[in-house]
Amino acid sequence: MALTDAQLAQYLDEGYLAVDDLLPASAFDLLIAELEANIDVRARELAAQGKLDDLGAGLTYSQRLAHLCAGVADDESRGELWRVGHGKHHKTAGMFAVWTHPELVDVAEQVLGPEILAHPQYNIRAKLPNQQETVVPWHQDLGYLQRDADETFMLNFWIPLVDAPMETGAMQVIPGSHRWEVLPHEQVNGYHGVKEENLPPHEVIDCPLPLGGALLIQSRTMHRSVPNTSNVIRWSLDLRYCDRRKPTGRADVPGFVVRSAQAPEAVTRDWRDWAALFAEGAETR
């Protein structure tokens with residue numbers, strides 16, 4: 001689905017755009033099945049070790065991981081279980097299928113042109129109910145990158161894998177903040193962020209989205225998530241694209257080419273080729 005002229009203008013002028021129907025829900029089926037299978041394996045391992053009594057059979061994808069984490073007695077095992085569904089280590093067929101989905105890549109070409117890299121900085125997020133650890137403060141994505149990428153235009157997608165009303169911990173943005181400089185970031189509740197009192201005057205926009213929707217921001221756009229006060233998990237993806245010829249700010253981590261008019265042979269067409277870019281045990285930041 002291409003952006004309309006009005007949508008593209010809003011994205012470029014205000015630094016954000018929320019689209020309710022960018023992808024079909026079926027685009028996430030393989031990724032969700034992989035996540036469910038991985039969580040089930042780890043849960044059964046913990047049960048075999050006597051650390052988990054109830055496997056949560058019959059609970060939905062939006063409920064089960066939270067139920068399992070609540071049932072594990074020790075913090076270390078709970079953290080390991082949660083991270084099965086959270087982080088940067090999912091280099092799988094399902095992740096690749098979403099990242100290379102034509103609807104996303106077509107929008108990326110509208111914004112960036114035909115030389116498109118899947119940026120190395122990405123995340124799956126499993127935001128559990130009432131989990132302070134996943135309440136991310138105000139920040140610009142460039143605050144997490146090396147300064148060589150300051151002039152690289154990046155198209156950043158926040159994509160929920162479930163319906164994400166605000167009570168699930170959805171995103172907020174500051175319109176127009178893409179015109180700000182990269183503000184100094186400091187440790188705020190365990191993240192690189194910017195304290196509210198250090199922000200210029202601003203307004204805040206809530207960005208709830210249904211499954212199939214996406215929030216598009218720029219790498220200087222100030223954004224944050226709010227607490228998840230619901231009883232379900234707010235599953236989501238952070239995916240980014242940039243011109244393949246530009247610095248990514250993560251020179252030590254490879255991205256992969258998803259489209260190229262100049263060098264079509266450089267396009268990565270199989271998820272295993274993406275995974276092969278990483279040596280066994282290599283950094284997956």
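A: Contact means heavy atoms within 4.5 Å. Keep in mind that this is a predicted model.

Q: Which residues is Ser77 in contact with, leaving aside its neighbours within four places in sequence?
A: They are Leu46, Lys51 and Val72. Ser77 itself sits in helix α4, residues 75–84.

Q: Why is Ser77 called buried?
A: Buried means under 20% relative accessible area. Ser77 has a relative accessibility of 2%, so it counts as buried.

Q: Which side chains make polar contacts with the side chain of Gln172?
A: Asp206 does, at 2.8 Å, and Arg224 does, at 2.7 Å. Both values are within 3.5 Å, so both pass the cut-off.

Q: How many residues apart along the chain are Gln172 and Cys207?
A: They are 35 residues apart, while their C-alpha atoms are separated by 5.7 Å.

Q: What makes strands β4 and β9 a pair?
A: Two strands pair if there are at least two bridges between them. Four bridges join β4 (residues 154–160) to β9, so they pair, and they run antiparallel. As an example, Phe157 has Leu216 in β9 as its bridge partner.

Q: In which sense do β1 and β9 pair, parallel or antiparallel?
A: Strand β1 (residues 16–19) and β9 pair in the antiparallel sense, over four bridges. Here Val19 stands opposite Ala214 in β9.

Q: How do you know that β9 is covered on both faces?
A: In a regular strand the side chains alternate between the two faces of the sheet. On one side of β9, Ala214, Leu216 and Gln218 are buried, and on the other, Leu215 and Ile217 are buried.

Q: Which residues touch the most other members of the largest nonpolar core?
A: Among its 57 residues, these are Leu65, Phe157, Leu216 and Trp235. A second, separate core has twelve residues, including Tyr16 and Cys207.

Definitions and conventions: Residues are numbered from 1 along each chain as its sequence is written. This is a predicted model: local features need pLDDT of at least 70, side-chain atom pairs count only at pLDDT 80 or more; totals for chains, interfaces and linings use all residues. Side-chain values use heavy atoms; hydrogens and water are left out. Helices (H or I, at least four residues) and strands (E, at least two) are DSSP runs, numbered from the N terminus. Buried means under 20% relative accessible area, exposed over 50%, partly exposed in between (1.4 Å probe, protein chains only). A nonpolar core is a set of buried Ala, Val, Leu, Ile, Met, Phe, Trp, Tyr and Cys residues joined through side-chain atoms within 4.5 Å. A polar contact is a pair of N or O atoms within 3.5 Å; within protein, one must be able to donate a hydrogen and the other to accept it, and residues adjacent in sequence count only if both atoms are side-chain atoms.
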